There are 2 protein chains.
Amino acid sequence: MLSNIRIVLINTFHPGNVGAIARAMKNMGLSNLYLVDPNDYPSDEATSRAAGAVDLLENATIVSTLEEAISDCSLVIGTSARHRTFQLPIMNARECAETVIPEAKQHDVAIVFGRETTGLLNEEIAQCHRQVYIDANDEYPVLNISQAVQIVAYEIWMANQDQSIHAKETAEYPRKKEMDLFHEHLEETLYGLNFIIKNHPGKVLEKLQRFFNRSRPEKQELGILRGVLAAVQREANLTPSTKNSDAKDGSE
Amino acid sequence: MLSNIRIVLINTFHPGNVGAIARAMKNMGLSNLYLVDPNDYPSDEATSRAAGAVDLLENATIVSTLEEAISDCSLVIGTSARHRTFQLPIMNARECAETVIPEAKQHDVAIVFGRETTGLLNEEIAQCHRQVYIDANDEYPVLNISQAVQIVAYEIWMANQDQSIHAKETAEYPRKKEMDLFHEHLEETLYGLNFIIKNHPGKVLEKLQRFFNRSRPEKQELGILRGVLAAVQREANLTPSTKNSDAKDGSE
């Protein structure tokens, strides 16, 4: 599906930008790069900036007109500054991605970037169906072209992701009843230390409990914390209840 | 508010990247750039790539350690690849922005980027509260550093436009240096308890420090925790250092 999306660059001036764009594309799962009449290309500078995406440069399609780069596409989106009015429907990068992903399931889609200094000409915009802009600071809204491609490609990658993909949880966490034992152990120790007064615990105990619940110690961390409590009881000559006397010492 | 957010770059190798980052930041309304021990800087290459953001380079704060760059921040977020496991809570760039915007209303927030080739060292990650990664193609997930900053900054810009994110409430958090005092107090107390042995702390202290950084106690919770430590020192007849003797008792 991402393979149906192409990035089209018109008359790029700095070959380093082309390399940076190849890398930005590959980072975001895009592979089809079209270069319309590029300046100073191929170039070592492009290869160097492409880093691990040299394959995209090698497979890039080089053509001499925009027409050739987009003729087989069902949807062509031109990039522009936000306030330029070409009387085309305009979207930001996020909306663009949400439009492109469903379309690219069946058809080829092109996103067209203009020259570094002057952007797209009116006759080029006239070949597009939609415009996309990147939300930016009004005081200095002009992004480097490789950064603009990065954001557009990133939004496409994000839109293409399933929401359920998140960092896997690998740590082992204690069960509720182990946390309960910890809270009892903490409470007992704090009473022993006269840090809180029995029958008059105030808000302090509650706040500590909330903190430790929220912080969600891992199983091993909870073991260390209980070891600390046992050491406090030992050194301060407190009598631990039998239930909590088996908490391990952390120095093992 | 965006002015409370700083981008911290550690040991950048290519000055061109620093310039590109200054531009990416200004495009997204960020202005505070911290450079920790940059290589080959200042440089013409940085100035050239900064384009209309030379003012950010001129106003950049250059320091020699990460510590100096973040000590007045309440929230420090380190960037990393997605699958590296530092056992800190991990967010993608979008979630990071949603976390940063409410926090930056009141406090300084740092987002820390590591070296071009090797990223952040473990001891640098250990100074962070959270990790952020950029969603990317598993086959080639390593972005150029200026592109990574661009995406993080773009998400911050987008989140800052979103009124529903501004409505989020935040608790008050201690500054980094207050957390440092807590860690010293904890360490001192654990030595006093013979829970860990001086010059031979093993992994236990490190694991506890990691736990407390990750759990990110609120300001008031940290006060209670320090009160507990002071009570332990008192009841176990440990001698507190003068620095830590003013921690308040929780029973007030």
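User: How many salt bridges does the rule find across the interface of chain A and chain B?
Analyst: The rule finds 6 in this predicted model.

User: What makes B:R210 and A:E221 a salt bridge?
Analyst: The definition wants a side-chain nitrogen of Lys or Arg within 4 Å of a carboxyl oxygen of Asp or Glu. For B:R210 and A:E221 the closest N and O atoms are 3.1 Å apart, so the pair counts.

As for ground rules, this is a predicted model where local features need pLDDT of at least 70 and side-chain atom pairs need 80 or more, while totals for chains, interfaces and linings use all residues. Side-chain values use heavy atoms, with hydrogens and water left out.

User: Which helix of chain A gives the most to the side that touches chain B?
Analyst: That's α10(A), with 10 residues; helices here are DSSP runs (H or I, at least four residues).

User: How do you know how much area chain A and chain B bury between them?
Analyst: Buried area is the accessible area (1.4 Å probe) that two parts lose on being put together, summed over both. Here that comes to about 5,600 Å², 57% of it on carbon and sulfur atoms. The contact (heavy atoms within 4.5 Å) takes 64 residues from chain A and 66 residues from chain B.

User: Where in chain A does pLDDT stay under 50?
Analyst: pLDDT is the predictor's confidence in each residue, from 0 to 100. Residues 163–170 of chain A stay under 50, with 7 contacts beyond four places in sequence. Residues 248–252 of chain A are also below 50. Chain A's mean pLDDT is 87.

Key. Residues numbered from 1 in each chain as written. Chains lettered and ligands numbered in written order. Helix = DSSP H or I, 4+ residues; strand = E, 2+ residues; numbered from the N terminus.
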